[in-house]
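Please read the briefing below alongside the sequence and the model.

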Amino acid sequence: MPNQNIPRGHTANLGAHTVPGDLAVYGMGAPYTISINGGAAAAHVVAVGAVDTYAINGQSVSVTNTTAAPGPDNLTISW
């Protein structure tokens, strides 16, 4: 299962067919936005120790870490 850290203020764009199933978002109280298949970006906060899971199923997805910089990475996605 690939993992990708998303530094503060950065975006991960995953094209169609990159995520064949679910996308998991892990963080430490990190705010982020997610846009699936070009839809409107929805704002969320992943709680410490929690996992937000999205059914991507081959669609394109964009995840932006909206935590202010500077600071350590605080958001990871995996699929």
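**Ile77 and its surroundings**

Not counting residues up to four places away in sequence, Ile77 touches Pro2, Asn3, Gln4, Ile6, Ala12, Leu14, Leu23, Ala24, Val25 and Val63, where contact means heavy atoms within 4.5 Å. This is a predicted model, in which local features need pLDDT of at least 70 and side-chain atom pairs count only at pLDDT 80 or more, whereas totals for chains, interfaces and linings use all residues. Residues are numbered from 1 along each chain as its sequence is written, and side-chain values use heavy atoms, with hydrogens and water left out.

**Nonpolar core**

- The largest nonpolar core has 17 residues, and those with the most contacts inside it are Leu23, Tyr32, Val61, Val63, Leu75 and Ile77; such a core is a set of buried Ala, Val, Leu, Ile, Met, Phe, Trp, Tyr and Cys residues joined through side-chain atoms within 4.5 Å.
- Two or more residues of this core come from each of E2, E3, E4, E7 and E8, and E4 gives the largest share, three residues; strands are DSSP runs (E, at least two residues) numbered from the N terminus.

**Sheet E1-E8-E3-E6**

- Four strands form an open sheet in the order E1-E8-E3-E6, with antiparallel pairing; two strands pair if DSSP finds at least two bridges between them.
- Strand E1 (3-5) and strand E6 (51-55) each have a single partner strand and stand at the edges, so one side of each is left without a neighbour in the sheet.
- Within this sheet, strand E3 (residues 22-27) and strand E8 (residues 75-78) run antiparallel and are joined by four bridges, and Gly27 has Leu75 as its bridge partner in E8.

**Sheet E2-E7-E4-E5**

- Another open sheet of four strands has the order E2-E7-E4-E5, again with antiparallel pairing.
- Here the edges are taken by strand E2 (11-14) and strand E5 (42-46), each with a single partner strand, so one side of each lacks a neighbour in the sheet.
- Strand E4 (residues 30-36) runs antiparallel to E5 and is joined to E5 by five bridges, with Ile34 standing opposite Ala42 in E5.

**Thr67 in its loop**

- Thr67 lies in the loop between strand E7 (61-65) and E8, and it counts as buried because its relative accessibility is 13%, buried being under 20% relative accessible area with a 1.4 Å probe and protein chains only.
- Leaving aside neighbours within four places in sequence, Thr67 is in contact with Arg8, Gly9, Ala30, Pro31 and Asn74.

Notes:
Buried < 20%, exposed > 50% of the residue type's maximum accessible area, 1.4 Å probe, protein only.
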